[in-house]
Amino acid sequence: MAAGKYLLYSFLSITTAFALFFAWLHLPSPPLNAAELFDCAAYSPWCTSKSQPTTLDHQNPTRRHDHASDIPHHPLDPLTVQEITQVCSILSSHPLFRSSPFSIHSLVVEEPQKSLVLEWQTGDPLPPRKASVVARVDGKSHVLTVDLTSANVAILRTGPHSGYPTMTAEEMYTATWVPMKSERFNQTILDRGIALSDVSCLPISTGWFGATEENRRLIKVQCYSMKDTANFYMRPIEGLTVLVDLDAQQVIEISDKGKNIPIPKAANTDYRYSAQPPNKVMKLLNPISIEQPKGPSFSVEDEHLVKWANWEFHLKPDPRAGMVISRAKARDPDTGILRDVIYKGFTSELFVPYMDPSDAWYFKTYMDAGEYGFGLQAMSLDPLNDCPRNAYYIDGVFAAVDGKPYVRRNMICLFERYAGDIGWRHAESPITGLDITEVRPKVTLVARMAASVANYDYIVDWEFQTDGLIRIKVGLSGILMVKGTSYENTNQFAGQDLYGTLLSENVIGVIHDHFVTFYLDMDIDGSDNSFVKVNLQRQMTSRGESPRKSYLKAVKKVAKTEKEAQIKLKLYDPSEFHIVNPSVKTRVGNPVGYKVVPAATAASLLDLDDPPQRRGAFTNNQIWVTPYNRSEEWAGGQFVYQSHGEDTLQTWSDRDRGIENRDIVVWYTLGFHHVPCQEDFPIMPTVSASFDLKPVNFFESNPILRFPPNTIEDLPVCKAAASA
């Protein structure tokens, strides 16, 4: 994530603060608008479709769905507006909540036991609907289950805990106003020549660094000048940090160690298209849009069940994970049967440590899902710019701090992507005398969300391919968390460690990492799977055996326990990482499976005993495998805020439980080292990394062998009215 966590305040008014917080970010290049994209149907009869699924409205993809009448259709469906309201009513009558102030930190569906979900078929009655609730009452954290049928409330766990629940947006916002109560703080702002009306502040999680931080929830507040720019992140009031008691909403300590550091200038920091000089706008591209003359090839049933080509899966928004993919199945081209691939997959945690040990920066070691809520920070997607015109949108329905439901519009989009890529091809050489050219286009289905966690924006894509591959991609954009400095040129600090890069006058982009850990409950043709490490080893030939001296050999080893599946990627000791079902074999005897295919990634270089790394110990390896346990879903632990690191994926995996031919969960961490550069100023072009889940002997042969090629008759030729 990003440092500086999101909610800002302006001393102008609460209204101004909320408007700024919820404002949508636009890149400085021109955003598309509907008027620029002509309606293909107006220019070609081929664009008139009678086969468009009735569940999709692509003429109005951002339709205002009325969630008041929603009902659940699937055991994994999120709670509806009515259900959240019902839970709120049940809790208000419970003795725990009747006599004391409370705050709801999480209110989500409690998924049924996995065995019940696997047995359930469309048309069956739903298992009893329950809600999982995390609440704070009288300074204590509580985990409860609410049965919506019986109205029974079961208290599963009561504090104290190492760590606290995800913060609520309301308490973060309130915390940013606490410094206003301090005369010393206000005077410090004025002494720096900053008008109080120009100040915006951010609530920053504190991490955990020892006993002095025990027994109370703490947050640190740092501030910026928003004078003359919307990009206040580039104008830090450096060295000023206010420690706040999050429960008492009181100032504990003010640290002011940057009085001599100037506020960076506002010039050239605004990223909004409307703020760019008209004579410098770069309209280098003509508008582009993908047309689907016969309508989309996917449908969304009952808001959450997605069907496309040879895939079917359940998709739902989640306040902590952001987007959850469940019950992903691929249709076998030979038998027509839908086969299990993934039971559940989602973003489990994000760990973002900044590499500046100084007083105002050492604690910036964010856990974006567990501390802030990755889904809570997901903003409404911008049609035509976040997602193409052929996208379909899904809303998130969440609970506020008082338990009442609210809707996050257009939180997830679905769209088919064709970028000119090739699914498979072969052209026969002329020397064979065979005149053969066979090519198949690659069309994929993308499920996308974007979270704006303060300054940083994360784009998460789950991309499904017809050949059975799933690509999971994370894009990083948004605004750097920067440090103020007195330096204006690199010739002023020869040899000095700035902990980053001088990006502009008085602005340092601090070096930091991003680690995004994914939870992948793989069910390859059933729940009992094994993890196989396929090590590629150099073999030497015997004297006289061959003109070759060496070759590669694949050596397979089945991991029997968790420690055997703790994987650090090594370029010069390569392996493949297979998840197989040893009980299901192909026609020729290979166990069916999928493999994790890493791409560019990064590993944490922090000392293992550094407090941030102890909390982020789930990044100590790139791959882990654990036995399925429904209580082990969050890599940093259930309660991450100010946790000590004793309830992490590392802790679970070190138990070294058996994982052979068991229901197992694979964990994969994407990593980014970010050394900022001037091109990242004032807003960053998106940088992405991904990994694949690829079939390995899952199908009997190429599953898209019999897919047809495109022909000119299939596709419209659309021309704008003014075209020659």
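Student: Where is Ala309 found?

Tutor: Ala309 sits in the loop between β10 (305-308) and β11 (311-318). Helices (H or I, at least four residues) and strands (E, at least two) are DSSP runs, numbered from the N terminus. This is a predicted model, in which local features need pLDDT of at least 70, side-chain atom pairs count only at pLDDT 80 or more, and totals for chains, interfaces and linings use all residues. Residues are numbered from 1 along each chain as its sequence is written, and side-chain values use heavy atoms, with hydrogens and water left out.

Student: What is phi of Ala309?

Tutor: Phi of Ala309 is near 45°, a positive value in a residue other than glycine.

Student: Is Ala309 buried or exposed?

Tutor: Buried means under 20% relative accessible area, exposed over 50%, and partly exposed in between (1.4 Å probe, protein chains only). With a relative accessible area of 52%, Ala309 is exposed. Leu384, in the loop between α7 (368-372) and β15, also has a positive phi, near 80°, yet Leu384 counts as buried at 18% relative accessibility.

Student: How many bridges join β15 to β16?

Tutor: Two strands pair if DSSP finds at least two bridges between them. Here seven bridges join β15 (residues 392-399) to β16 (residues 405-417), and the two run antiparallel. Val397 stands opposite Val407 in β16. Their hairpin has five residues between the strands, and Gly403 there takes a positive phi near 90°.

Student: Which residue is the bridge partner of Phe415 in β19?

Tutor: That partner is Val446. Six bridges join β16 to β19 (residues 444-453), again antiparallel.
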